[in-house]
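Welcome, and please take a moment to turn the model around before reading on. The paragraphs below walk through it step by step, from the overall layout to single residues.

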Amino acid sequence: MTANPSKSERAYDVIKAKIVDGSYSPGYRLVLDQLARELQVSPVPIREAVRRLEAEQFVQFERNVGARVTGINPTEYRYTMQTLAIVEGAATGLAAPLLSASELAEAAEVNDRLRASLRDFDPHAFTALNREFHRLLCAPCPNPRLAELVTREWSRLASIRDTSFTLIPGRAAESVDEHDGLLRLIKAGATEIEVEAAAREHRLATLRAFLARGARGAHTEEDRA
């Protein structure tokens with residue numbers, strides 16, 4: 001392998017990571033010369049990395065502006081959240097009777113950390129903890145294909161570069177309360193169907209809040225017109 005592809009791969013990994021974690025938010029302008037200086041490479045591997053990110057729809061080029069981080073695709077977000085609600089709900093329902101007392105205690109501890117983080121809210125840190133909470137509840141799922149689908153949709157959600165809690169921060173506190181309710185259901189020995197329904201509704205509530213926020217934004221733009 002030549003030096004340039006290696007540098008291009010490194011630049012791709014660094015830039016993509018910053019897009020996914022929100023350091024480079026939608027609309028952020030990627031200045032190639034500046035990135036080259038920061039990563040201590042020539043502009044060539046930076047350009048190759050950005051073109052690759054453009055092909056993956058992380059970046060778009062605008063005339064007379066250059067490369068910008070793309071915004072959230074509401075349609076892709078909706079489809080992913082709907083799918084995740086179904087597969088994660090089913091996985092959580094199947095996993096529920098297999099969760100040990102120590103695993104439930106660990107999930108409760110993560111949710112306590114989520115609640116504590118509300119005081120100094122960082123949506124990206126919150127999202128990481130939120131995923132850990134759901135990972136713990138899905139971990140004992142006895143269906144490996146279903147578990148694989150859940151992981152795939154989590155990855156797809158990350159690739160959209162959205163933490164919905166950035167746009168709807170008020171949803172975070174509601175989410176933590178719903179986690180408490182989900183844990184109570186499981187501890188009380190609720191049926192697989194009851195747990196599945198609660199986990200599915202939990203995801204869909206976040207989706208509804210996101211879509212409602214989008215609708216409010218559209219009305220605001222109409223009022224300004």
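Helices (H or I, at least four residues) and strands (E, at least two) are DSSP runs, numbered from the N terminus. Counted in this way, the protein has ten helices and three strands. Read from the N terminus on, its elements follow the order α-β-α-α-β-β-α-α-α-α-α-α-α. This is a predicted model, in which local features need pLDDT of at least 70 and side-chain atom pairs count only at pLDDT 80 or more, while totals for chains, interfaces and linings use all residues. Residues are numbered from 1 along each chain as its sequence is written, and side-chain values use heavy atoms, with hydrogens and water left out.

Let us begin with the whole chain. A residue is called buried under 20% relative accessible area, exposed over 50%, and partly exposed in between (1.4 Å probe, protein chains only). Of the 225 residues in the protein, 37% are buried. Contact means heavy atoms within 4.5 Å. Among contacts between residues at least 6 apart in sequence, 76% join residues at least 24 apart.

Now look at helix 3, residues 43-55. The expected span of a helix is 1.5 Å times one less than its number of residues. Which residues of helix 3 are buried? They are Pro45, Ile46, Ala49, Val50 and Leu53. These residues lie on the same side of helix 3, because they cover an arc of only 135° around the axis. The arc is that of the directions from the helix axis to the C-beta atoms. After helix 3 comes glutamine 57, with a positive phi near 70°.

Helix 9, residues 171-187, can be read in a similar manner. Its 17 residues reach 24 Å from the first C-alpha to the last, close to the 24 Å expected at 1.5 Å a residue. The buried residues of helix 9 are Arg171, Ala172, Ser175, Val176, His179, Leu182, Leu183 and Ile186. They cover an arc of only 140° around the axis, which puts them on the same side of helix 9. Glycine 189 follows helix 9 and has a positive phi, near 80°.

Helix 10, residues 192-224, holds threonine 206. Is threonine 206 buried or exposed? Its relative accessibility is 6%, so threonine 206 counts as buried. Apart from neighbours within four places in sequence, threonine 206 is in contact with Tyr77, Met81, Ser164, Ile168 and Arg171. Arginine 145, in helix 7 (residues 144-159), is exposed, with a relative accessible area of 69%. Between arginine 145 and alanine 91 there are 9.9 Å in space, C-alpha to C-alpha, although they are 54 residues apart in sequence.

Next come the rings. Rings of Phe, Tyr and Trp (its six-membered ring) pair if their centres lie within 6.5 Å; planes under 30 degrees apart count as stacked, over 60 as edge-to-face and the rest as tilted. The count comes to three aromatic pairs. One of them joins tyrosine 24 and tyrosine 28, which are stacked at 4.5 Å centre to centre with 10° between the planes. Tyrosine 24 is buried at 7% relative accessibility, whereas tyrosine 28 is partly exposed at 30%.

A charge can also sit over a ring, if NZ of Lys or CZ of Arg is within 6 Å of the ring centre and within 35 degrees of the ring normal. Arginine 51 lies over the face of phenylalanine 61, 4.2 Å from the ring centre. The charged end of arginine 52 sits over the ring of tyrosine 12, at 3.5 Å from its centre.

Two loops deserve a look as well. Most residues other than glycine have a negative phi. Glutamine 40, in the loop between helix 2 (32-39) and helix 3, has a positive phi near 60°, and is exposed at 73% relative accessible area. Asparagine 64, in the loop between strand 2 (59-62) and strand 3 (66-69), has a positive phi of about 65°, and is exposed at 80%.

Finally, how many disulfides are there? A disulfide is a pair of cysteine sulfur atoms within 2.5 Å, and the count comes to zero. The sulfur of cysteine 138 is 7.0 Å from the closest cysteine sulfur, in cysteine 141, so the two are too far apart for a bond. Cysteine 138 is buried, with a relative accessible area of 8%, and cysteine 141 is buried at 10%.
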